[in-house]
Amino acid sequence: MANKDFEPQLVKFLKVDIRQYSAKVFGLDFIHTHGFTIYSLLAYSYHSDSQVSFRAAWLLEHVCIQQPALISSIYNVLINRLSEQSHWGTIRSYTKIVMLATDVKTAIPHTSDQEEILIEQCFNWLINPSCPVAVVVNCFDILYNLRKKNPWIEDELKAQIQHLLKNPTPALASRANRILRRIS
């Protein structure tokens, strides 16, 4: 969607009006009441305004956390467009959604092509020096979740984690060490 295709009142809601609400109320009923669907939130998460993009993805993340089964309906588009997203805040929400989609408790079916895209993108983010810690640690979990079908991931993930542990933040060290304990 080009920015001209977005509805001005929905853009305004994401830029301004959403601030009136607590994230606790974000759910499927909430987004429908305000004129969104999970598909439109995914589309709005590609808006060129980073604030609109982030807030659409953030809302989508909350809906998916509450109802992980909904992820399957947007999963193909989400995965196939991952590399197009450049807003780190939006990517953070995407990685939270994908963590749910790949977690054994809430996993959704996916193809080997989708898995390949996801693995490649997660490793690309891990080696990007601009990648925020929140995205890095979510990628750890996603790759950990995908290691069963792709055993080679384990060694590569260990190597990436050990490299990143040379100069870690507390959040990075905590999650990295948790993943390393699980792998070993």
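**View 1. The whole chain, with its confidence.** The chain has a mean pLDDT of 95, and 98% of its residues reach 70 or more; pLDDT is the predictor's confidence in each residue, from 0 to 100. This is a predicted model, where local features need pLDDT of at least 70 and side-chain atom pairs count only at pLDDT 80 or more, while totals for chains, interfaces and linings use all residues. Residues are numbered from 1 along each chain as its sequence is written, and side-chain values use heavy atoms, leaving out hydrogens and water. Among the elements, H6 has the highest mean pLDDT (98) and H10 the lowest (94).

**View 2. The fold.** You'll find ten helices and zero strands here; helices (H or I, at least four residues) and strands (E, at least two) are DSSP runs, numbered from the N terminus. The radius of gyration is 17 Å, close to the 16 Å that the globule rule gives for 184 residues, so the chain is as compact as a globular protein of that length. That radius is taken over C-alpha atoms, and the rule is 2.2 Å times the number of residues to the power 0.38.

**View 3. Serine 53 in helix H4.** Serine 53 sits in helix H4 (residues 50-66). Serine 53 is buried, with a relative accessible area of 0%; buried means under 20%, exposed over 50% and partly exposed in between (1.4 Å probe, protein chains only). Leaving aside residues up to four places away in sequence, Serine 53 touches Tyr44, Ser45, Tyr46, His47, Gln85, His87 and Thr90, a contact being heavy atoms within 4.5 Å.

**View 4. The largest pocket.** Its volume is about 350 Å³. Of its 18 lining residues, Thr102, Asp103, Val104, Asn145 and Leu146 are the closest to the centre. A pocket is an open set of points on a 1 Å grid over the protein atoms alone, where a 1.4 Å probe fits, with protein on both sides within 12 Å along at least five of seven lines; lining residues have an atom within 4 Å of a point. Grid points are joined across faces, edges and corners, and the volume is the space filled by probe spheres set on them. Helices H6 (88-102), H8 (133-146) and H10 (170-183) each supply at least two lining residues. By class, the lining has seven nonpolar, three polar and eight charged residues. Nonpolar covers Ala, Val, Leu, Ile, Met, Phe, Trp, Tyr, Cys and Pro; charged covers Asp, Glu, Lys and Arg; the others, Gly among them, are polar.

**View 5. The second largest pocket.** This one has a volume of about 150 Å³. Its lining includes Leu126, Pro129, Cys131 and Asn167, and divides into seven nonpolar, three polar and no charged residues.
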